[in-house]
Amino acid sequence: MGLPGAGKTTLANAIAPRLNAVVFNADEVRTNINKDLGFSEPDRIEHARRMGWLCDQVVKTGGFAIADFICPTPLTRAAFFQGGEAFVVWLNRIDHGRFEDTNQLFIPPESPNVEVKSEGAPEFWAEQIVQRVRPLFHSKKSTGLLIGRYQPFHDGHKALIVEALKRVGQVCIGVRDTSDTDGKNPFSFEYVKTRIEHALKEHEGRFVVIQIPNITNVFYGRDVGYVVERIELDSSVEGISATTIRSALGIGSE
């Protein structure tokens, strides 16, 4: 977001291939979808709401979406955020744009995630932003470990991992090597890994999936330097059963 001429489109086009993102450019959206809207304050609010809705549809599929538009007031930002929060980049590179009415209307955002100044090339800022949006897994950072069969991976597993991410920041998901040992373990490691990575795409860079032996016991001694903790979730999530899912798929038996 930012005034006309601040470099929003240039930066959006630099970020998009790094995230494989869909870019919704305001001018293109107005030309193809929002032809009925002008530049009054109510129309700007509706334009922002529709921009947010378009982005939400991409995000729901696990993809990245970039909204490239002025978004000049707190009301337009509130309309854009109706479907959920977003990572906000403010291009604060110019004091005045080419449209005086927009200059007068524009109110700087209070707490953008990134404020782009005049120094630095678009590629520099694109890298800074991508590192924040899609971090790299760092093996020396504090990491949570989750061990499971994930036969199959389901929403209960996802909720558990998301909670662990909130608590620790990044996680290692250890998939036990149990495939084809019995009817309760029909899925290969490659299948399970793909399911996990797809389900957690929005958290890319904050988790790693590895194959581990068929761990059946976890032992620890004194002062091991890590915490063993059970995460308790809502009863509706706790009640999700892989056995029930396998039965619905017509796979396996007790």
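Mentor: Let's take a helix, some salt bridges, one arginine and a pair of strands in turn. A word on ground rules: this is a predicted model, where local features need pLDDT of at least 70, side-chain atom pairs count only at pLDDT 80 or more, and totals for chains, interfaces and linings use all residues. Residues are numbered from 1 along each chain as its sequence is written, and side-chain values use heavy atoms, with hydrogens and water left out.

Trainee: How do I read helix H6, and what span does it reach from its first C-alpha to its last?

Mentor: Helices (H or I, at least four residues) and strands (E, at least two) are DSSP runs, numbered from the N terminus. The expected span of a helix is 1.5 Å times one less than its number of residues. H6 covers residues 122-133, 12 residues in total, and its 16 Å reach is close to the 16 Å expected.

Trainee: Which residues of H6 are buried?

Mentor: Buried means under 20% relative accessible area, exposed means over 50%, and partly exposed lies in between (1.4 Å probe, protein chains only). In H6 the buried ones are Trp125, Ala126, Ile129 and Val130. They sit on the same side of H6, because they cover an arc of only 135° around the axis; that arc is taken from the directions from the helix axis to the C-beta atoms.

Trainee: What do those buried residues pack against?

Mentor: They pack against helix H1 (8-19), strand E3 (89-91) and strand E4 (114-116).

Trainee: Now salt bridges. How many are there?

Mentor: Side chains of opposite charge can pair when their charged atoms come close. The rule here is a side-chain nitrogen of Lys or Arg within 4 Å of a carboxyl oxygen of Asp or Glu, and the count comes to 12. One of them joins Arg18 and Glu127, with the closest N and O atoms 2.5 Å apart. That pair links distant parts of the chain, with Arg18 in helix H1 and Glu127 in helix H6, 109 residues apart. Arg18 is partly exposed at 28%, and Glu127 is partly exposed at 33%.

Trainee: Last one: which way do strands E1 and E2 run, parallel or antiparallel?

Mentor: Two strands pair if DSSP finds at least two bridges between them. Strand E1 (residues 22-25) runs parallel to E2, and four bridges join them. Take Phe24: its bridge partner in E2 is Ala67. Strand E2 (residues 65-68) has a covered face made of Ile66 and Asp68, while Ala65 and Ala67 make up the uncovered one.

Terms used: Contact means heavy atoms within 4.5 Å.
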